[in-house]
Amino acid sequence: MQLTADFFQQTAKVFSVSELTRSIRGTLETKFAAVWVQGEMSNYKLHPSGHHYFTLKDQRAQISCVIWRDTMQPPPRKHSGLADGAQVQVFGTVTVFEARGQYQLNVQIIQLRGVGILQAKFEALKRKLEAEGLFAPERKRQLPKFPRRIGIVTSPSGAAVRDILNVLRRRAPWLQVLINPVRVQGTGAAQEIAVAIRELAAPNEVFAPVDLIVVTRGGGSIEDLWEFNEEIVSRAIFHSAVPIVSAVGHEIDFTICDFVADLRAPTPSAAAELIVPDVVDLQRQIDRCARTLGRQLLNRVRDAQQRLDHSRDTLQRCLAHKIEGYKRGLDHALRVMQARSPVRELMMRRNHFADLHRRLVACPARLIENARHRFGSIEGILRVLGPDATLRRGYSITMNDRGQIIRTTAEVRLKMAIRTRVSDGEFGSEIL
């Protein structure tokens, strides 16, 4: 390029470093108001001031990034996965750090790469299953208060199962625990979890039925916990005939199976505390009940003793009163007998017996005579109104071959044999 006088005349303006940097900053901030950028984190540092510094890079370029302590709420967690080598997506504004003449990204949102897609899948499945009623509170079942056998679906080598077993061993040493081992992360893990749930929930000849099932694993990122967001696991929990407790991740972690399960526990250890009572608390309750029962029994025995004493006193008074009454009656009878003459009393008794003898002797003759008169009257009535008298007046009785009386023409059929009774006998005939 050939530099001419005209060129130098047109570019006579000389910028200071600050002016040029500020101009570049204004151009960048105007051109790129806010952008999403993804790449690999490196040189991550949490400054004592609370600010976060790191570099975002790919195979060909890199850009400095800063998260001001009062910019992003909540700030990144210690175990959020933000570290050198992490693949992340950030949202922020492009600016220039004038002191160094270095452009950088002021980050407002940061998430692990792919979390946005997984979160969208999470929300979509959550809306679908909620619309189908899988989260309905009215379908959730109460857990048994004193389970005897429980099943656990988890990795046998994870910390979650150790935490649960330690708590159960301390709180409920009588409990029988059946572990159905599965992978809790990786391709095919969701299918293993669903199959394990169905195996524990269905009747089986190999092991006795369980009272409830715990589905659990330790904490992790959304990718680590994703198997518990799969639809196949949610539907296995929904169709389980046994109540299910979900204890996946830490307290702030939520998965789809948490919403479908009958109870969601914030951690595996909390699940163990929720599903069984503490044996120490039970012993205290039993002791309290025993003391209360002892006091109630003692009070009842004392009440019964008081009622028995009162009844005994009342009975004694009644007996004494009756004995006194009998004594007065006996004294009165003795006085009466002493006042009467024995000869006169004997004469009265003899006359009374003689009168009864006369009445008994005369009674049968009168009874027979009265009966004879009644029978004669009845015989006369029968003689006038009886069937023989009716037949003698010209009436007859028609019967079928079984001896049943024919009262209407509807009972008569052709070729039917009948018998007719008159006053001096009977004869047969046939209907033509």
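I call a residue buried under 20% relative accessible area, exposed over 50%, and partly exposed in between, using a 1.4 Å probe and protein chains only. I am working on a predicted model, where local features need pLDDT of at least 70, side-chain atom pairs count only at pLDDT 80 or more, and totals for chains, interfaces and linings use all residues. I number residues from 1 along each chain as its sequence is written, and side-chain values use heavy atoms, with hydrogens and water left out.

**Entry 1**

I looked up backbone phi first. Most residues other than glycine have a negative phi. Asn43 is not a glycine, yet its phi is positive, about 55°. I find Asn43 in strand S1, residues 35-46. Strands here are DSSP runs of E, at least two residues long; helices are runs of H or I, at least four residues; both are numbered from the N terminus. Asn43 has 56% relative accessibility, so I count it as exposed.

Lys415 also went into the notebook. Its phi is positive, near 65°, and Lys415 is a residue other than glycine. It sits in the loop between strand S11 (397-400) and strand S12 (417-422). Its relative accessibility is 64%, so Lys415 is exposed.

**Entry 2: The whole chain**

I noted the totals next. The chain has eleven helices and 13 strands. Of its 432 residues, 28% are buried. I take contact to mean heavy atoms within 4.5 Å. Among contacts between residues at least 6 apart in sequence, 62% join residues at least 24 apart. The accessible surface is about 29,800 Å², and carbon and sulfur atoms hold 57% of it. That area comes from the Shrake-Rupley method with a 1.4 Å probe; for residues, only the protein chains shown count as cover.

**Entry 3: H4 against H8**

Two packed helices are described by the angle between their axes and the distance between the axes. I looked up helix H4 (residues 159-171) and helix H8 (residues 268-275): the angle is about 30° and the axes are 8 Å apart. The axes are lines fitted to C-alpha atoms, for helices over the stretch in contact, and angles run from 0 to 180 degrees between N-to-C directions. Angles under 35 degrees count as roughly parallel, over 145 as roughly antiparallel, 65 to 115 as roughly perpendicular, and the rest as oblique. H4 and H8 are therefore roughly parallel.

Which residues of H4 and H8 meet? From H4 I list Ala160, Asp163, Ile164, Val167, Leu168, Arg170 and Arg171; from H8, Pro268, Ser269, Ala272, Glu273 and Ile275. By class, this contact of H4 with H8 has seven nonpolar, one polar and four charged residues. Nonpolar covers Ala, Val, Leu, Ile, Met, Phe, Trp, Tyr, Cys and Pro; charged covers Asp, Glu, Lys and Arg; the others, Gly among them, are polar.

I then checked burial in H8. Pro268, Ala270, Ala271, Ala272 and Ile275 are buried there. The buried residues of H8 pack against strand S6 (149-154), H4, strand S8 (212-217) and S9.

**Entry 4: H5 against H6**

I turned to helix H5 (residues 189-201) and helix H6 (residues 231-238). Their axes come within 8 Å and cross at roughly 10°. H5 and H6 are therefore roughly parallel to each other. On the H5 side I note Ala190, Gln191, Ile193, Ala194, Ile197 and Arg198, which meet Ile232, Val233, Ala236 and Ile237 in H6. The contact of H5 with H6 has eight nonpolar, one polar and one charged residues by class.

Arg235 is also in helix H6. It is partly exposed, at 24% relative accessible area. Arg235 and Ala194 are 41 residues apart in sequence, and 8.2 Å apart C-alpha to C-alpha. Beyond neighbours within four places in sequence, Arg235 contacts Lys128, Leu129, Glu132 and Leu134.

**Entry 5: Two loop residues**

Gly133 is in the loop between helix H3 (115-131) and S6. It is partly exposed, with 25% relative accessible area. Gly133 touches Arg139 and Phe238, leaving out residues up to four places away in sequence. Val260 is 127 residues from Gly133 along the chain, and their C-alpha atoms are 9.3 Å apart.

Is Thr255 buried or exposed? At 1% relative accessibility, Thr255 counts as buried. I place Thr255 in the loop between strand S9 (244-248) and helix H7 (256-260). Not counting residues up to four places away in sequence, it touches Phe122, Leu225, Phe228, Asn229 and Val248.
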